[in-house]
Amino acid sequence: MKMPLQFRVNGEDYEVYVEPWKTLLEVLRDELELTGTKAGCLAGECGTCTVIVDGKAVKSCLMLAPQAAGREIMTVEGLAQGGKLHPLQQAFIDHFAFQCGFCTPGMLMSSKALLDENPHPTADDVKEGLYGNFCRCTGYVKILEAVLAAGAKPRG
Amino acid sequence: MDELSTVGKSVPRVDGTEKVTGTAKFTNDFALPRMLYGKVLRSPYPHARIGRIDVSQASKLPGVKAVLTGKDNPEGRMGVVLDRPIVAEDEVRFVGEAVALVAAESLEVAEEALDLIDVEYEELPAIFDAEEAMKPHSEVVVQPGHHLLPSIPAYAGHNISFATAEETPNVYRAFHIEEGDIEQGFRESDVVLENRFVFTRTQHCAMEPHCAMARPEPDGGFTVWASEQHPSEAQLFLSRIFKLPVPKVRVIAPYIGGAFGGKLFVMGMPWAMMLARRTGRPVKVVYSREEVFVDGYSDVPVVIYIKDGVKKDGRLWARSVKAVINCGAYSGRVLLLTGSMVMGATVNYRIPHFWWDSYCVATNEPVSGSFRGFGGVQLIHAVESQMDMLARAIGMDAYKFRRMNLYKEGEINLLGQPTHAVEAEECLDKVAEWIGWGKKPEKREEGPWRIGRGISAQGKGGLVSPYSLADVKVHFDGTIEIRHGATEVGQGCNTILSQIAAEEFQIPVGKVRQISGDTAVTPYDITSTANLTTFNTGNTVRRACQDAKRQIFEIAAERLKVKAEDLELKDGLIYTRGKTEAALKLGDIFVPGGGGTAKRGEIIGHGVYMGRDLSKEERERILKKFGVDYMFCHGACALEVAVNTETGEVKVLRIAQCHDMGTPINPQACEAQIDSGNGFGVGRALYEEIVIENGVTVNPNFVDYKIPSMLEVPLGAEVSSMLPAGVPHEDGPYGGKGFGESTNCGISPAIAGALYDAVGIRMLDLPITRERVLGALKARAR
């Protein structure tokens, strides 16, 4: 039995019909075809599916789609505005903070949620904010550099 | 050489924008109209005869479109030795082996259908311990008649020698190398030290789970999208398996979300094709994380016996190694590892007397595969731990002892190949200096924590003969298109190859477009593995560029009435050498409006690279000894750890690595590769271990199998990923060579050494978990 679901994703309103047991991740990827958000473990362990829900980083594989009703969601596709990369995205490029790129969308969304709450984080803040996102390629060295660099820039 | 414009510069990665905006497509990001979802029913037994399989209930479930078993198998099998049935036939040989396949309208229905398949099993005795399984006349034989099976042609030249099958039927391969007289070597040594090292199974844990999607084509062929590191070989494999003409199988490898050796021969491809063939619809098979742990070709468990002899003055004098490799139920790629592993003991240190035996042994554990380092992690851990203990035994400093035994430029190594573009000494010096080797750490203890330092050196190559092809197409507007069969697994090959092509054509990197990993258009490449892509595909792309330029110059020379060798090309303009004004625009040699040239049609340069030029005799000598002629890379690691004497916890506080790579094509991307090894190395050293009990993988998830997060690796100022001066490799593209696999091989022995320095306990086996450290501390206290 499908149920209607209304929510806002990357600034656009959506109404979709989904089975209530579908996760937010499945709805984003399969219904909205926003495949930037990745599926790495489907158990909330790896962080590749992280999106922002009402300002908080959420592992979308653990949120049932109906829980997203009426809420404001941002995925990696919503980061760049008007064709201009978000400072975090630019920092990830400038600092070689991605390799295979599979963890990158989740890593960016966790970083965005962190910077929104704490615009100028310390290294320890970043570690605390991102330890739920695994990366197997970078050893995290350049990810930390990139997030600190984005956080060091004046905001606004 | 003239000043280079692009090579040697840290240009931003060409895949950057795609990867930070979520537009980079991985296999699972594709979906096709009328696509079905494939799932695999897996064996719960490590060894059993399959009786009746009842699929009637599963087939009746609404939404199920096909249920297939081993009876529906295509003719061919998978593996370096063609030994793994696509779906198990009469027997299952490991827990997790495919027994049936389902295709359904949704993933949920496919999963539900798996539960409705009824399989009768008759359990058979199983064997899990490789040392047990390799004994003569083993009662349990994993695959009788294995020695009679063919191996795939691409590896026919790899010196795969089979052991005597009658007496040791579970030994799939044995590999032997020797030099000097080992017994004499030990007799002449002042100190002899012998140890046994045990390594458990680990997973690559690429963030992207394996995925394959197959679409049946109207001509009876298939298009297969897959997270596959080796699309060229996959095409040949699949065409053989399904008895199809080669071009009827098109394999496309989109971006790959990490591979590390674990995405070769992805089984999902033939499963998806079987289901697509039966249903006539596209089928996608995505592995769950649990399936990746169980059947994702994890790294091999190995037991290494190593015996070393050393002279009092510090010269390594004799080394013998016996490695017993648990290959699991089928050959996978581990047959090759049996030879590959030897590099960790033969290309770094001078040893007059050497003896090597390795055995690849079948057991009823899941199939093992290749893993970043291809045996190097295990062997280098054993060798470098021995180096520490030997130095101590003769009262020498561990750094100096290593340094004096390193091969120097031009020396012939134990594989009979020259040491070249080696900067091992400089690497070792740089890491030693950074960590402050020889000086005392600021603190030796704090509360329950004890601080210690360790160091290691490592040398490696790759067990793949260079062989790759590439094409370069030149467009009238000055842009070029390179077509290569390498895959962007994260290592940055598309950037490196773009830089090489941009340098050849003197254009910005942005004017190079790549088409990669699509067998319909991209030429053969022997794999994106084994430190190979920069060296192998890099050379090939460069040659293809030069071929294209030659064609351009020939046409232009005729037009300009000059000699072709007097022409130069820079950013779409053709110059006569020495002149500052362009003689022609590149577009001028094309038919107006673009397309191609009047005389030669499209300008497409072809490149091929098959290794350095050797005389027939020299090549035969090298191939006979080792099977592969290749380049070697060397590096070093130094680090500092803190050990908690109350909990056994080990933290890596600071880490430095330095690796030789010839001329670095993109220094910052190279640094990133070194950083990359830190995460892998720390995880392998301290946490990672697939636990298998009676054949069952008991921890197939990220909660019970820990990989490092940001909290477990040193970061910021605590990390130094260094490049040495950069001695160009004479056969590398612009002097570059590969090194990515070495960066995770030297960390565990340095950690073990640092642990010894901190608390005086020597951990031989990996991983060095808290429990094991605490156990060792308690045992010593007793």
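A residue is called buried here if 20 or more other C-beta atoms lie within 10 Å of its own, exposed if 12 or fewer do, and partly exposed in between, with C-beta atoms placed from the backbone. Gly517(B) counts as buried because it has 30 C-beta neighbours inside 10 Å. The model is predicted: local features need pLDDT of at least 70 and side-chain atom pairs count only at pLDDT 80 or more, while totals for chains, interfaces and linings use all residues. Residues are numbered from 1 along each chain as its sequence is written, and chains are lettered from A and ligands numbered from 1 in the order in which they are written.

Helices (H or I, at least four residues) and strands (E, at least two) are DSSP runs, numbered from the N terminus. In these terms Gly517(B) sits in the loop between β22 (512-516) and α15 (533-560) of chain B. Two residues are in contact if their C-beta atoms, placed from the backbone, lie within 7 Å. Apart from neighbours within four places in sequence, Gly517(B) is in contact with Pro231(B), Ile252(B), Ala253(B), Gly485(B), Thr487(B) and Thr522(B). Its C-alpha atom is separated by 6.6 Å from that of His484(B), 33 residues away along the chain.

**Chain A**

Chain A has five helices and five strands, in the order β-β-α-β-β-β-α-α-α-α along the sequence. The radius of gyration is taken over C-alpha atoms, and the globule rule is 2.2 Å times the number of residues to the power 0.38. For 156 residues a compact globule would have a value near 15 Å, and the 15 Å of chain A agrees. Along the principal axes, the C-alpha atoms of chain A fill a box of roughly 45 × 30 × 25 Å. Of the 156 residues, 58% are buried. Among contacts between residues at least 6 apart in sequence, 58% join residues at least 24 apart.

Axes are lines fitted to C-alpha atoms, for helices over the stretch in contact, with angles from 0 to 180 degrees between N-to-C directions. The axes of α3(A) and α4(A) come within 9 Å and cross at roughly 125°. The two helices are therefore oblique to each other; angles under 35 degrees count as roughly parallel, over 145 as roughly antiparallel, 65 to 115 as roughly perpendicular and the rest as oblique. Met107(A), Ser110(A), Ser111(A) and Leu114(A) of α3(A) meet Val126(A), Gly129(A) and Leu130(A) of α4(A).

**Contact between the chains**

Chain A puts 41 residues in contact with 46 residues of chain B. On the chain A side, the elements that give two or more residues are α2 (87-94), α3 (104-117), α4 (123-130) and α5 (141-152). This side has 25 nonpolar, 11 polar and five charged residues. Ala, Val, Leu, Ile, Met, Phe, Trp, Tyr, Cys and Pro count as nonpolar, Asp, Glu, Lys and Arg as charged, and the others, Gly among them, as polar.

**Backbone exceptions**

Most residues other than glycine have a negative phi, and most peptide bonds are trans. The table lists departures from this.

| Site | Backbone value | Loop |
|---|---|---|
| Tyr297(B) | phi about 50° | α8 (289-295) to β13 (298-299), chain B |
| Leu766(B) to Pro767(B) | cis, omega near -5° | Pro767(B): α18 (747-759) to α19 (770-781), chain B |

Asp54(A) counts as exposed, with 12 C-beta neighbours inside 10 Å, whereas Tyr297(B) is buried, with 27 other C-beta atoms within 10 Å.
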